[in-house]
Amino acid sequence: MAVLGAWALLLSAWVVGNPPFAAPDETAHYIRAIGVGGGELAGREAPGVAFGENRLQLEWTRQAARSFHVPAGLGPGPDCYLFHPADSAACLERVEGPTKAARIVSPTGNYQPLPYLLPGLTLRLGWDPLTASRLARVGGVLLPAVLLLTTILLLWDRRRDPLSLLGPLLATTPMVLFSAASLSGSGLEIAAGVAYVASLLRLARASPGAHPAPAPAASPALAASPAPAASPAPAPRWVWAAAAASGATLALSRSTGPLWLLLATFLLVGLTGPRASLALVRAAGARAALTLGALGVAIALNRVWEALYGQRVPSGLVDLRGGILRGVDQAWHAAPQLVGQFGYLEVQLPAAAHLLWLGAGAALVAIALHAGTRRERVVLAGATLAAAALPVALYVSTLRFTGFDLQGRHVLPILVAVPLLAGELLVRNRSRIRPPTLRALSIGVPIIAGAIQLLGWYWNARRSAVGVDGPLLFLGRAEWGPPLGWTPWLLVAIAGALLLATAGAGSIGRRREPEKSA
C-alpha cells in the first residue's frame, strides 16, 4: 500500500538525515539505551547530580539522574552545534567523544525501559558514537514502524475507498515521524497511541450503531450507492490482539502512558455507548478477556516501576489562576510542535505549513460533525474540546512544578485521537456527504500530507547542512552531510512524499463495492 511505503521511506530519511544526537535530549536517551541494552534497567543512583537551568529543573532531574556503564569507544558524541542554530553540524566530524569505559549519568535514567530495549541492543554493533547513535535509531524505529503499519491495516477498508486513510494521514504529522526516527520514548509512545486508538475504532465498527442508515440522497450518484450492512461483522481475533499489543506498549512507554490509554478507552465507550461496549466485550469472550488482562498487567507494571524509580511529582492549587494562564500560553506556543518543530525546537516550519495541516484537520472535524449522528457529534465535539484542554491541564497539574515547558510531543499520544475519530466518522457517514466534498478530501488531504512531510524533512536537513540562516537550496553547498551525501536521502524523502500525495488518487470516479452482511 502506498501509505506504508511512503512512511517507510520517510522514516529512513529521518533516521539517517537527522544528525546524531540532534533530537531533544538524545544524548541522555542514548546513555539510557546503553544501560538497558547492557542489562542495567535502572542503573545506579547518582546523588547530588542534577541538570537544569532553574531550581525546579534541578530538583526534578536530581530524582531522575542515574549512572550507567558505557563501553569504551561508545561514549556520547559532541553537542557542539545544538544550541547554535546558525551553525551547521560540521563540528560533529571534528570532535571525538569519550574513548574510555566509564559510568556516565543520564537525566533520563529512571524512564520506563521498554523504548530503550531494541536501541540498546543495536547500538552495541557500532564502533564509534556517531555510528552507534544511528544504529540505536534503527533499532528504535522498528516498533513505531510496526505500530503505524498496524494502524493502516486496522482502518483501511478497500470497500469503503481511500477515505479510511484520511484520519491516519493527518494524525501522523511530520513530528510523529521525526519522533519515531529519534532515540527517545516519545516516538514509541506516540505511535502506540495512534495504533491503540485505531484498534478501538476498528472494534467500534462491530457495534450495532456503527453503520447508521444513510440520509436522504443529495444527488443521483449518492442514491445509486448501496446501503451499508445492517449487521456489521464482529472484529476478528487479530484486531483484539492489536489492541492488546498497542495498548500495552502505550502503557509501558512513558509514565503518562496509562492515562492516555484510559482516556482513549473512554472514547470507545462514548462512541458505542456503555451497554453496547459491554455487549462487545461479552461477545468477544476470551479475546476481550485476554486483551483487558494484557492492558491491566501493563498498567500495573508501569505503576510498579514508577513507585520504585519514578520522580515524586509535587502538586497543589497554589496560584491556580496564574498556572492556568501560563498553561494556556504554553499550549498556544506548543501547538506548532504538533505538526513539526524539530531539533531542540530551533527548526520551525513556516507558519503556512502549520496552518495548512491544522486547517485540513479542522475541515475533517467540521465535515464529520456535519455528517455524523447525534451521538457521534457529541463524542467528536467532546474529544476536540478535551484535546484543547488537556495540554493546559497537564501543565497545571504537573509540568509547572518541574520547571520545564510543555512540548507538543508530550500530548501527541492522545491528541491523535481527534483526526483518527473524525476520519472514521467520515467513513461511517459517507452517504451523507456530497461527492465533490469527498473527492476534494480524498485528493487534497494526501497532497497536503505529502508536501508538508517533505518540507519538514528538508527544513531540518537545511538546518544541519548550513544552519537556519544558510541558503535555502543547500545541495552542493552543505557543510555537513549524512552518509552517502544529501542527494540519495533527498530522493528517498521525495519518493515517500510522492507516494503519500497519490494515496487518494484511486478514489477518483470509483464506486464502493457492496458490503456483505455477516
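Helix H18 (residues 417-428) is mostly covered, with 12 of its 12 residues buried; buried here means under 20% relative accessible area, exposed means over 50%, and partly exposed lies in between (1.4 Å probe, protein chains only). Please keep in mind that this is a predicted model, in which local features need pLDDT of at least 70 and side-chain atom pairs count only at pLDDT 80 or more, while totals for chains, interfaces and linings use all residues. Residues are numbered from 1 along each chain as its sequence is written, and side-chain values use heavy atoms, with hydrogens and water left out. Helices (H or I, at least four residues) and strands (E, at least two) are DSSP runs, numbered from the N terminus.

- The buried residues of H18 are Ala417, Val418, Pro419, Leu420, Leu421, Ala422, Gly423, Glu424, Leu425, Leu426, Val427 and Arg428.
- At 1.5 Å a residue, the 12 residues of H18 should span 16 Å, and its end C-alpha atoms are 16 Å apart, which agrees; the expected span is 1.5 Å times one less than the number of residues.
- Helix H17 (residues 408-415) is also mostly covered, with eight of its eight residues buried.
- In H17, the buried set is Gly408, Arg409, His410, Val411, Leu412, Pro413, Ile414 and Leu415.

**The second largest pocket**

- Rolling a probe the size of a water molecule over the atoms shows where empty space is left.
- On a 1 Å grid over the protein atoms alone, a cavity is a set of points where a 1.4 Å probe fits but cannot get out, and a pocket is an open set with protein on both sides within 12 Å along at least five of seven lines; lining residues have an atom within 4 Å of a point.
- The second largest pocket has a volume of about 670 Å³, a volume being the space filled by probe spheres set on grid points that are joined across faces, edges and corners.
- Its lining comprises 26 residues, and Leu338, Leu358, Ala387, Leu415 and Val418 lie nearest the centre of this pocket.
- Helix H6 (166-171), helix H14 (320-334), helix H15 (351-371), helix H16 (374-397), H17 and H18 each supply at least two residues of this lining.
- H15 gives the most to the lining of this pocket, with five residues.
- By class, this lining has 22 nonpolar, four polar and no charged residues; Ala, Val, Leu, Ile, Met, Phe, Trp, Tyr, Cys and Pro count as nonpolar, Asp, Glu, Lys and Arg as charged, and the others, Gly among them, as polar.

- The largest cavity has a volume of about 110 Å³.
- This cavity is lined by 16 residues, with Pro115, Pro119, Gly140, Pro144 and Leu188 nearest its centre.
- Helix H4 (117-122), helix H5 (129-155), helix H7 (174-180) and helix H8 (186-204) each supply at least two lining residues to the largest cavity.
- H5 contributes the largest share of that lining, four residues.
- The lining of the largest cavity divides into 10 nonpolar, six polar and no charged residues.

**A three-stranded sheet**

- An open sheet of three strands has the order S1-S2-S3, with antiparallel pairing; two strands pair if DSSP finds at least two bridges between them.
- Strand S1 (44-45) and strand S3 (102-106) stand at the edges, each with a single partner strand, so one side of each is left without a neighbour in the sheet.
- Strand S2 (residues 66-70) is joined to S3 by five bridges, and the two run antiparallel.
- Arg66 stands opposite Ser106 in S3.

**The disulfide**

- A search of the whole structure finds one disulfide, defined as a pair of cysteine sulfur atoms within 2.5 Å.
- Cys80 and Cys91 form this link, with their sulfur atoms 1.9 Å apart.
- The link of Cys80 and Cys91 is right-handed, with 95 degrees about the S-S bond.
- Both Cys80 and Cys91 lie in the loop between S2 and S3, so the pair ties together parts that are 11 residues apart in sequence.
- Cys80 counts as partly exposed at 26% relative accessibility, whereas Cys91 counts as buried at 13%.

**Positive phi values**

- Most residues other than glycine have a negative phi.
- Asp25 has a positive phi, near 55 degrees, and is placed in the loop between helix H1 (2-17) and helix H2 (26-37).
- Asp25 is partly exposed, with a relative accessible area of 38%.
- Leu345 has a positive phi of about 70 degrees although it is not a glycine.
- Leu345 lies in the loop between strand S4 (341-342) and strand S5 (347-348), and counts as partly exposed at 29% relative accessibility.
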